[in-house]
Amino acid sequence: MRPIRLNRNAVHLNEPLPWDVFDAGGTLLLRRGFRIQLPEQIDQLIVRGAYVADTALPAYAPAAARPERERKTPIADPVGVWQRTEGRLSKLLHDFERTPDFVARMREIAPLVSDLCERDADLALFQMMRWHGTNYAVAHAVHAATLSELISRRLGWPQHQREKLLQAALSMNVGMRQMQTSLASQTSPLTGAQREVINQHPVRGLCLLESAGVEDQDWLRAVALHHQPPESMSARMRHGSAAQLAEVIRLSDIFGAKVSPRASRPALSADQALRETFIGHGGSDNPLVAALVRELGIYPPGTGVRLSSGEVGLVMRRGERANEPKVFATHNRAGQYYMEPVVRDTARSQFAVVGTVPAERFQQLTINPARVFGYEARTRLRPFDSLEFEL
Ligand SMILES: [Fe+2]
């Protein structure tokens, strides 16, 4: 069973449970059909941690949930659309106070992140892991939104909840947007004033979003709570849907920051960042962390790896198994660049991954994601013909 944690809104008084409910250890707590008759019983259940099998999720979605959006024509140029999406978000956050239709604009941008993740999640992760640009605030918001979307999709959250999650993730740091990018290039310790801005930015973000016309309470409260550990919240607050959104955003925020380089420190490797995040957030007892690990695998796209062949390369796509990604080898066993990168299937023992390689090893390498992932409009050479692309 892949457990999905129930929230308070999923359980209704005096209504037969539509699924069997388990605790975190998989022990059956309540049978399908059981009726809970006291609100306190629901509270106890949620506090204890109540889970359903993900196969039960269609019934788990609220009846009023909107149907999944109709799929449009697949995005032909996801690399270009990612760039334009970041550009739109950058403009929106920059012109925040001067954008009267902020909510409408954000509601256009958030589904783009979802569509791009659906189109090619490997590309999304590759770009996150390989990021070394200058506008950290915007890139970090997009990375956190991407991770949030992938986690929530894996957990089977309904679309209307994922939309709120994306809107909150993309706007989580609006309360410190001017300072965030400069902090990424700062090597000196934080000043007292900077620390104050950081401490206040979740609540300030809520106020700014309210003044910009955001009325959705889950969106607002998720931004206000996105740095607050669940254990520090009151039981009532902890089990609201906003707290669930905030917990996913917090996890994505922390992991995304670990794998991004700062002036004060290099990016952590994906496996180290995953290990630290896993340990720091309750390990396998936390279904959100478990979903993050399952989604990314051990070597997410963009990770530098060394192969048993002695070659070094970058992961481009996750494999069937967590430790068997598709890799394009960039250096041969003598450390020389390949003129054309060679795709290696690490499920084959002679190309198995034997370790990670720091991102700095690839700094001199100019990589065109459109070409690597097969989206270049006019590809003169196709070095990756051995892979199938979703064209
Ligand atoms: Fe934040």
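Helix α14 (residues 287–296) is mostly covered, with seven of its ten residues buried; a residue is buried if 20 or more other C-beta atoms lie within 10 Å of its own, exposed if 12 or fewer, and partly exposed in between, with C-beta atoms placed from the backbone. The model is predicted: local features need pLDDT of at least 70, side-chain atom pairs count only at pLDDT 80 or more, and totals for chains, interfaces and linings use all residues. Residues are numbered from 1 along each chain as its sequence is written.

The buried residues of α14 are Pro287, Leu288, Val289, Ala290, Ala291, Leu292 and Leu296. Helices (H or I, at least four residues) and strands (E, at least two) are DSSP runs, numbered from the N terminus. After α14 comes Gly297, with a positive phi near 70 degrees. Gly297 lies in the loop between α14 and β5 (304–307). It counts as buried because 22 other C-beta atoms are within 10 Å. Leaving aside neighbours within four places in sequence, Gly297 is in contact with Arg318, Ala322 and Pro325; two residues are in contact if their C-beta atoms, placed from the backbone, lie within 7 Å.

Five strands form an open sheet in the order β8-β7-β6-β5-β9, with antiparallel pairing; two strands pair if DSSP finds at least two bridges between them. Strands β8 (337–345) and β9 (353–357) stand at the edges with a single partner strand each, so one side of each is left without a neighbour in the sheet. Neighbouring strands of this sheet are turned by 35 degrees against each other on average, direction ignored. Strand β7 (residues 326–331) pairs with β8 in the antiparallel sense over five bridges, and Lys326 has Asp345 in β8 as its bridge partner.

Tyr337 is found in strand β8. This residue counts as exposed because it has 12 C-beta neighbours inside 10 Å. Not counting residues up to four places away in sequence, Tyr337 touches Thr330 and His331.

Two pairs separated along the chain are listed by C-alpha distance.

| Residue pair | Separation in sequence | C-alpha distance |
|---|---|---|
| Gly297 and Asn323 | 26 residues | 6.9 Å |
| Tyr337 and Val312 | 25 residues | 9.3 Å |

Helix α6 (residues 136–154) packs against helix α12 (residues 241–258) at an angle of about 125 degrees, with their axes 8 Å apart. Axes are lines fitted to C-alpha atoms, for helices over the stretch in contact, and angles run from 0 to 180 degrees between N-to-C directions. The two helices α6 and α12 are therefore oblique to each other; angles under 35 degrees count as roughly parallel, over 145 as roughly antiparallel, 65 to 115 as roughly perpendicular and the rest as oblique. Residues making the contact include His140, Leu147 and Ile151 of α6 and Val248, Ile249 and Phe255 of α12.

The protein has 15 helices and nine strands, and buried residues make up 40% of its 391 residues. Its average pLDDT is 82, and 86% of the residues score at least 70; pLDDT is the predictor's confidence in each residue, from 0 to 100. Confidence is lowest in helix α2 (residues 57–60), at a mean of 40, and highest in helix α7 (residues 159–170), at 96. Over residues 56–68 the pLDDT is below 50. Where pLDDT is low, the predicted coordinates should not be read in detail.
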